[in-house]
Every structure is written in structure tokens, then in C-alpha cells.
Amino acid sequence: MPDIKVTPLGAGQDVGRSCLLLSMGGKNIMLDCGMHMGYNDERRFPDFSYIADGPITAFIDCVIISHFHLDHCGALPFMSEMIGYSGPIYMTHPTKAIAPILLEDMRKVSVEKKGEQNFFTSQMIKDCMKKVVAVTLHQSVMVDTDIEIKAYYAGHVLGAAMFWIKVGNQSVVYTGDYNMTPDRHLGAAWIDKCRPDLLISESTYATTIRDSKRCREKDFLKKVHECVDRGGKVLIPVFALGRAQELCILLETYWERMNLKAPIYFALGLTEKANNYYKMFITWTNQKIRKTFVQRNMFDFKHIKAFDRQYIDNPGPMVVFATPGMLHAGLSLQIFKKWAPNENNMIIMPGFCVQGTVGHKILNGAKKVEFENRQVVEVKMAVEYMSFSAHADAKGIMQLIQHCEPRNVLLVHGEAAKMQFLKEKIQQEFSIECFNPANGETSVISTPVKIPIDVSLPLLKAEAKKFSSLAPDPKRRRTLHGVLVMKENSTCLMDVDEACKEAGISRHVVRFTSTVQMTDAGPSLTTAHKLQMLLKEKLPLSSVIFSEGEISVETVLVKVEGDDDDDQKSVYVSWTNQDEELGSQILNVITNIKQF
Amino acid sequence: MKLYCLSNDPNKPCHILTFREITMMLDCGLSMQSLLNFLPLSFVPSNKLMNLPNWMPSDTTDPDLEGELKENGDRVFVDSPPEFCPPLDKLIDFSRVDVILISNYLCMMALPFITEGTGFKGRVYATEPTLQIGRLLLEELVVYIEQCPKSSFASQWKNFVHKCPYPLNESFKPKSWRQIYNMKDVNASLSRIQMVGYNEKIDVYGALQVIPASSGLCLGSANWVISTEHEKVVYLSGSSTLTTHPRPMDHQSLKNADVLIMTDLTQTPISNPDSMLGVLCVVVGLTLRGGGNVLIPCYPTGVVYDLFECLSGKMAELGVSNCPMFFVSPVADISLAYSNILAEWLSSVKQNKVYVPDEPFPHAMLVKNNKLKHFKHIYSDGFSTDFQEPCVVFCGHPSLRYGDVVQFIELWGNNPRNCIVFTEPDFDYIEALAPYQPLQIKVAHCAIDTSLNFTQANKLIKDLKPKTLVVPECYTQPPVSAPNLTELVIGTHAESSVIPYKWGEVINLPLKRKQGQVYFEPNVAQKIIPVEVKPGISLSTVTGTLNVKDNVHNIQDFSSESKTDKLVKYEWGTLNITEFMQKLSQEGVTDGKVESLGGVVVIHLQDEDALIQLEDNSTHVVCNADENLRTKIRNIVMQCLKKF
Ligand SMILES: [Zn+2]
């Protein structure tokens, strides 16, 4: 099967709910299994009925999760325990450690706070995680005898990985979310020149070329500083792990340097635990943190304290980090409702918000937000968007393409219009096909198939020897000619004599020798030289060699006989049946000589 | 394929393997046995060591030798900064080495000798823990030696070795011994290492693929699988099948090799590590309860992690948990910290702890509870205030020739209530103690070596089924220490032939590659027309354009414009003469005169002035320039022969 097929069940021309089906070489692989944070109904999870009605184990060979963000793994327990999947699930060690915590967090918010029905249970999260096989960066993992996978560093969040997947001779790279510039605690994504048939890349920031990181950081600190100076409260909605750690490092050092006194709170029991993960998986952070971790742990914060719900109404300035990051539920939303009506306050959204969330609404300038219970909240506080989200921008995506040299690109996890722009850019700059299927739409990527065949070394060596003996000529093509011996369990290309021996048969060599009588005075050697010149002229592409009185044109032999004082000369032309074309051509040339 | 052996110590291996034009170094272990011939380095001048009498060979009065050798008991020691025996550099120019593969952090101490100042330009591969922990060992060694500078370097003694008493007279190639490298060389050398993960496929100049496979011995330890499409060589270095803290050994990827090179087996073939650990716990318990101190000379990583865990439990059981453990090494803090961030390289039991998240090793907790205290040196801030007796001290170096252990022997050596316990198997404990004798301190020998023993190694070979097994010669004979224990050898194996090697040898390994690999493009494959020449065997000629890139051979279809786009076929079998004559006459050639001469049949066509010579495996048509005739005969010959 020379085609690779990709069907997004989520994240096709869309952000959120990443879930792709990849088919190649007769294998089906699910890439990510995310949920959409903007919905409370069945649109929350990917539509698995596309695969099958009922359990999907029989239709999916393996599931690969790129990182712990819920829009990439949030539907995993639903898929494995409620739809039914008992095959292997692959993810990196940090993802395996952190994903179940975020899943449990989200489950609690959904079931206990919002009273949602038909949601997965804590036990289901545990059962799901038992199916997980943890992988290490660059380790080559054989899923079965045909599927090989390998993880590459993706930056983005702790443990995020890009996956290279190979079935037979076809290969695909799936990036998940990634960033190409190092930040305060993570390194930049890296991949080698693996030349996949297809690169499936996220394109969240497909049209943005982000300004320098330093400027954005300065801007962020200035705004926070101004707000607390005027006695305002700053709310920063974050996810517990990821951006939160980076912003904490940033504020911690700034508070220290500027000697600020306003309290910074981190509203989560998870903080210490979260930081513990960062400590233990420090090998996944960037070089600087790795180098200094023995002396000073970057994740022990002096100025940042645990938040208590009662502090919401405290007077005076403060900075609060609260989850979740898109203001769609939980504490961050609760604080927002309280603080939004005061124009002294400020909310800083440090990441992308999916459609349907409160975060998305206020970022689009909504001055009033209405809630389920008809409660209306006026938004007077300053709303700031700071793109700290570690996704690759257009430049980064182009860089990645340049690094791994794919034959085709497929864009997911981005908005349709922006994707279109990037798609054209990619096609222009790299002259390669670029796809961006919508959800439920299948992109078919045809790939050249190469068939590996064993070859006898003497055959290869003979060719190499012949090739290197010729004068270098960039236009000259190398030719390999041999006989393929096909047996029940083996196939091997070899030289004809070797092949006959291997097959146990004897070759029958058919040779022709034709004699041309011609008149040419002088020694026969002179005649031979004249013939050689003539053949060289008539057959410019063939090698014409004169040695030991004989002319060889490739493997056709030409010989002149006759006494030096006799005008009559006999010219013998001899060739095997394999050289019939060349042999008869030479014979024709010589027969038609009237005069030298 | 050739194997060069550059180290005389199978536990500190260093080999060169040449294979497909690639020169590969397998490990670069540094033999440290030479250390035992030197006086200990003490950073606090030791009266005892300083006052040892000079020694001179009885018939020598060379003034240059004066003061170089000191005597204690029946042993003679060199009074000089210690020297090391680096890998043999005469067989191969290190600048020619393309790749160095490092198996574990115990097998890389010679790396700066190989890569610095030799013109080395190759690549070095090691796992992340091997690099990080190896760095600790190299740095510790340099700090230990540099902190005790000696004013003079002894060198004359090397000319009088033969006149010295045992064991100095038997020291191995002392003239090749060298001073230790410096920190600059260590850093330069380590910066060349490229970190790799287990089962990562690493391409070596397009000629070979190498893959590290977990070897179960220590954090990040690996065996190496070196392969092409058709050949597989396995280099098995320090490995363990016991369950301790590292990831278990990966057997699967080592199977069915053409060549298995096996080295670095246990140094304690007679004792078993579990019972040794048991003895150790008893000794520590007894000593502490009797009010004595325990001194455990050790490396700053490895088994010591298991000792912390095991001893702390045992001490609580024996009611001596109020006695602290001290871990003194210039790299103690880093070693403890690193061990707890390398979860991906640990056994699954330890690995699962980080998902909670808990530290994989309990020593972080022991440090937090003040049960285990670590210091860079005994003169570091806080040590004297924290120091309390009785206690257990872990410190280096196991040779007792440098490091803080020298001071502890001074401090505790004359009290019989104290006990020194030897757990590292690298050095003979009697030789290690020799310069300090006489001592009152009790001595316990509980060497814990988790490397493969001979039973395990033989079982493994049976399981892996290599075609050829290559081992150090010493493994084919019973150990020198136990010549009667003939089972302590690598035995004969029905499916593998054994080739022994020794120091300084270059051996040819039987690996004759017969096949390579090419890739056909689909349209090349489509043109294949198999002809069955025998049941189950089909042949087809193939011709295509060859493209070679990074050693990958692609066969593409000739483009249509090419004049060489023709299908070459081969004839086979014998030609039936009766059938041939019949067909000739059908075509109007009836004047053929058949003559048989030996195995050759000659057909004369007198009218046409042509001659056809037939043999079993050949046909020769000789005629004048009449192409009509020749073509006619050719067609008939072709009709009478089978083709593929
Ligand atoms: Zn993400």
C-alpha cells in the first residue's frame, strides 16, 4: 500500500481536541486523543464512531500521546475505558507521570462542580494509565514487528515529544505542540534530518512571527508592576504545569530584583507536587536549569506562596496564578467574576483560549459575560493577552520543515484561514505538497515505495570498481545489471554466473563471429588503428579500447588479420548474444567501409 | 574485521574493532592497578608515611634513585604522585579512531588520554548517565590528586624494577605509565561525548549502525550492538542479571550475533554479592554496637546507593539508627542529586516512584532526616561540627592511595574497635592496606561485584547463540586465585566457536560479508519477469540506474530516452542437435554436415560458408558478413534454448 492516509477526528482546521487517525502499510495509529475545552456536550470528545461502532481495539494498532495538555490527552480514558481500547498507548515518562493528575483535576471540575454525567471515573483513569508504555527520547521502540516509533524533544511543556513513526519503508513525523526557541525552563524542539514521507505539524501560530521573547517578558513585568503599584489585583489564569513554572521564575526574579512587597500567590495544592515533577524530570528542562540544579533548585520559590480562597476579598494589591488557564471553570473563573468589575484590576491571559471559553470571549473584547445561571459580569478590568504559549510560530514551523526535509506536510491544530496562508508559503518555499484536512476529511498522500533487496557484494564491488576506473564525468550514470534469484524464503540480486550457480543450472553462451573482407594496404596493425578511430567516432558513448592487437568495444571484440604486404585483410567481429545490438551495429559499420 | 586489545585488565577494557572501513574503539577503561605501588597521598602530612625508610636495591648505589623508593614491612613503594597505565598506543594511532563507544561510567577513565593531544577527531557515544556520572568519577580523581601536590616525580626506579621485591617487580609495563590528566583535558574530552538513549539507532558514517542496549550493571550501562543489514557484532561489557537499581539487562537485542565479544565479568568469581551484602550488614551492626566506627572505601556512585538504602534499614533494625552515615567525596552532592533525576534509567520499581512523585532512591529522604550527611571533604565547612562517633563513613578512593580515606585510616587505624570494610572489587585489599601496616583496625572483605559470574555468563552465551565468541584469554582458564575451580571458565559451546585474545594482540574475526542491500523503485520491480527455472526457483534479469547516497544504493528505472533501455536475457541449458537440424532444414538450410569431435559438435554449412560449433554450455556461430544468414541461424538457436 503506497498511500498514507490521515483523517483528523479533531484539530482538523481547528484548535483543541487533537486526535488524528494515521493509516499506512496496513497499520492504523491514533495520534493524540484530546478533548475540546470549549464544549460541555458530546462535541467535547472526538467522534470515535468514525472508527467503529463500539470498541475500537480491533481497528487501532497503537495510540501515541504527544504531551500532557488535555487538548491532546483529555479523551484518553473515555476512549480506552468507555469506548473500549485495550492496545498499547505510548507517551514519554513525564507525560505518563503528569497526565493522570491533570485528567483527575479535569474530571473533578466537570463532575463535581458542573455535575456532568457519563464522564469517566477515577478508576478509569488508573486503568487507562496501566495501558501506557513510557518511552525515552530517541529510543527506537518496536510496537509490533512492523511499527517502529521514536520520540524527539519538542519543548512546549515538560515531556512534550514529537514522534517519528515508521511502517515498512514509509515514515511520518507527528509534532504534537512544539516550540523552536528555548524558554526559561525548556529547550527548543529538535529533530534530525529524518526525511519523512509526511510531516504532520501543529500550526497554532501559523501567521505570527513573534517578537523577541525578551520584549514580551519586559512588557509583561511592566504591566504587572504598574497594576500592583496602583493597588490593583492581577489575575493570571494558567494550567498547573507548564507556562505557570516559567512565569513564576520570571516574577520571582523580578520581585527579588525590584524588592517588591505585594504578595504573589499560586492557587493550587498542586504547586509543590508540580514542582517536584520538574525537579525529578530535570533532564527534560533546558541546559541552564540542568547545570545549576544541584546548587539551586529553580523551582523553589521564595516570593510565591500558596493561595487560599479567602484571599479573594483581601484588600490591597496581589498577583494570583489560578487554574484553569482558559477561564472555563474552577478557581480562575471564580476569581475573575469577583475582580472583573474593578477597572484597577488586570487579567493577563498567557496562553491560547479555545472558542466558547470565557477567556476567548474577553480576549475578543467582550465587555459583558453572561453565565449559565443568567449571571452577567461586567468586564472593567484591563484584559491583556501575552503570548507565552510555547508554540512554534510561522518561522519555527518553516525551520522544522527545513530540518527534517519531509516530502509532504500536513497542517493541523490551527485555524483554517491561517493554515491556508502557511500552506501556500510552504508550497512556495519548499515546493512540496501541503495538506490541511478538516475534521472527518481524509488526506491521501501517495509516497514512492522502495523495495529493499539483498544484493551479492561481488556484484556491487564489480560495479564500483568499473565506475571508479572511468574518468569522472558528472553526467555519466551508474548502471547496475544483475540477475534476481527468487527462492521461497529469499531474494537476492547477483551476477549472472553466480545466479546460475545458485539456481543450479548452467548458462549457455551463444557467440557470433562474423568475418568481413576488406582492402587496405599496409600492416594489419595500422588497419586496426584506423578501425579504432572510426569506431570511436561512430560510437561516442561506448568505451573503445585497443590492447594486444585487439579492439574491444565494451565486450565486443574486433580483430584484424592479414599479411602486411597483402592488401586483403580479414576483420573478425565477435560478440555474445547479450551484445547482439552493439555487435551487429559494429559489423554493419565495418561492412560499409568503402575507403578509410 | 579485526580486533585489537589495548588493555591488559579485562575489567577496564579497551579495544579497537575495525569493520567496514570504520575504526571503532570499544570502551576506554583505565587500569589503576599501578596505584598500589605508590605511597598514599595525604593532604595533612602524615608522620608515619613521611618517616618510612628509604629503600635501595642491594647492589645499587645510583644517587638518582635515592629517596624514590620507601619500605614498609616487606613491601616497597614509590614516593611520587601516582601513575596510571593507559591503553596501549603502539598498535593504533588514536587520530585514526572514527568512533568511541562507551559501555558504562567505569569503562571511560582513559578517555582524556585517548582524545586529547592525540589528534583524535572522531565521535564519542555514551548514554546520559554514563556521561554525567563518568564526569563525577573523572573530576573526583583529578581533585584527589591535585589537592596533594608532590614536589618531585620519581622516574629512576623504573630502571630498577627487576631488582625490586614483589609485587613491584611484576608491575605491568611501568615505563608506559603516565601522570593523570588535568581538569581542562577532562572537560575537553567529555565535551566530545554525544548522549544517546537505550535502543537509539545511531548511524556511523552510513557504514554501520550501533545501538546501546541496557546491560543492567549500573545507571546508564550499555552493551553495544554493531550491525549492517547482514551482519551483527555484539560487544558485551559490564553486565548484570541481578535485580538492583538500574534498568534490567536487555537480552533480546543481543541474540544471534555473528560475533559476540564478551569482557568485564565478575572480579569476585567465588563469592556471591547477596551474601557479601549480608556479611557487610552484620559487620556494620556489630562494630557500631561495640562503639566502633565503620570505614567503607568506595566510589562516589554505583553500589554505594544500594548500600545507603540497605544499611539504613539494617541499622534501624539493629537499633543503631542514631549513628549517622557520612558520605565524603568532592562530588557527593552531585552524585546524590543526579541519581534521583535519572528515573528513566532505573528499574521499574524505582521508576514507578517518580510517578507519585517520590524520589526513586531513599537517600534523598535519608539526607532530609539527617541520617545521611554528605560533604565534599573532611575539611569542608560544617563537617567537624556534624561529625559524631560512632558512625559509618563512605569515602574514596578504594585503592586507599588518595582521597579522604587516607585521613580516616590515620584517625581510626590504631583502634581495634573500628572496622574497615572493603566492598569495591577493583583492588586487592591486602595490597591496599600494605603501606599503612601495622594497623589495629579490624578488616572485613565483602567485595560486592554484581557483574556476570561464569555460570551466568555461560548461561547467557547458550541463550544468545553467537556464531563466534571472543573472550579474554584469562577467561578460558581458571582464575589465578583458584586454579582448581575449573568451572570458573568460559566453557565450550556447541553452537559457538571460541576465540581467546590477550593484551597487545590483533586478531582476525571471521566475518565475511557476502550480501549488501539495494532498494528497487516500483517501476524497476514492475519490469521483473520471473522465469521459473526449477520448482521454487525463479530468475529475472534486472538493469537499472544506480544511485548511491550515504551508502544507500537505489536502483531506478532507465529513463525512456536511453538507448540502453533494452532487456538483456540469458540463455541456459543445452541445445538439442536433432531439433536444431530440423529447424535449420525447415528454414531451407539443408546442406549442414555434422561432425562430432570429443565433446564438440561442428555443423558445416558449406554453401553458406558458415560453421556452427556446439558444446554443452556454448554455441559459436562463425560466418562471413552475411547478416541475413546470421540472423536466420540466430533465431533458430534462440528457439532451441531456454532463457531467463
Ligand atoms: Zn499543548
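These legends describe close-up views of a predicted model.

**View 1. Zinc ion and its protein donors in chain A.** Four residues supply the donor atoms: His67(A) through NE2, His69(A) through ND1, His156(A) through NE2 and Asp177(A) through OD. They lie 2.1 to 2.3 Å from the zinc ion. The arrangement is irregular, because the angles subtended by the four donor atoms run from 90 to 167 degrees. Along the sequence, the donor residues follow the spacing H-x1-H-x86-H-x20-D.

**View 2. His69(A) and Asp177(A), two of the zinc donors.** His69(A) sits in the loop between strand 4 (62–64) and helix 1 (70–73) of chain A. Asp177(A) sits in the loop between strand 10 (170–174) and strand 11 (198–202) of chain A, so the pair ties together parts 108 residues apart in sequence. His69(A) is buried at 16% relative accessibility. Asp177(A) is also buried, at 2%.

**View 3. Ser31(B) and its surroundings.** Ser31(B) lies in the loop between strand 3 (22–28) and helix 1 (47–50) of chain B. With 7% relative accessibility, Ser31(B) is buried. Leaving out residues up to four places away in sequence, Ser31(B) touches Asn8(B), Asp9(B), Lys12(B), Phe84(B) and Cys85(B).

**View 4. Contact between chain B and chain A.** Chain B contributes 91 residues and chain A 77 residues. About 7100 Å² is buried between the chains, with carbon and sulfur atoms giving 56% of that area. There are 39 residue pairs in polar contact, both residues at pLDDT 80 or more. Strand 25 (residues 537–549) of chain B provides twelve residues, the largest share of the side of chain B that touches chain A.

**View 5. Salt bridge between Glu580(A) and Arg634(B).** The closest N and O atoms of this pair are 3.3 Å apart. Three salt bridges are counted between chain B and chain A.

Technical notes:
Residues numbered from 1 in each chain as written. Chains lettered and ligands numbered in written order. Predicted model: local features only at pLDDT ≥ 70, side-chain atom pairs only at ≥ 80, totals over all residues. Heavy atoms only, no water. Donors = N, O, S within 2.8 Å, 3.2 Å for Na, K, Ca; no water. Tetrahedral: all angles 85-135°; square planar, octahedral: opposite > 155°, others 65-115°. Helix = DSSP H or I, 4+ residues; strand = E, 2+ residues; numbered from the N terminus. Buried < 20%, exposed > 50% of the residue type's maximum accessible area, 1.4 Å probe, protein only. Contact = heavy atoms within 4.5 Å. Buried area = accessible area lost by both parts, 1.4 Å probe. Salt bridge = Lys/Arg side-chain N within 4 Å of Asp/Glu carboxyl O. Polar contact = N/O pair within 3.5 Å; in protein donor to acceptor, adjacent residues only side chain to side chain.
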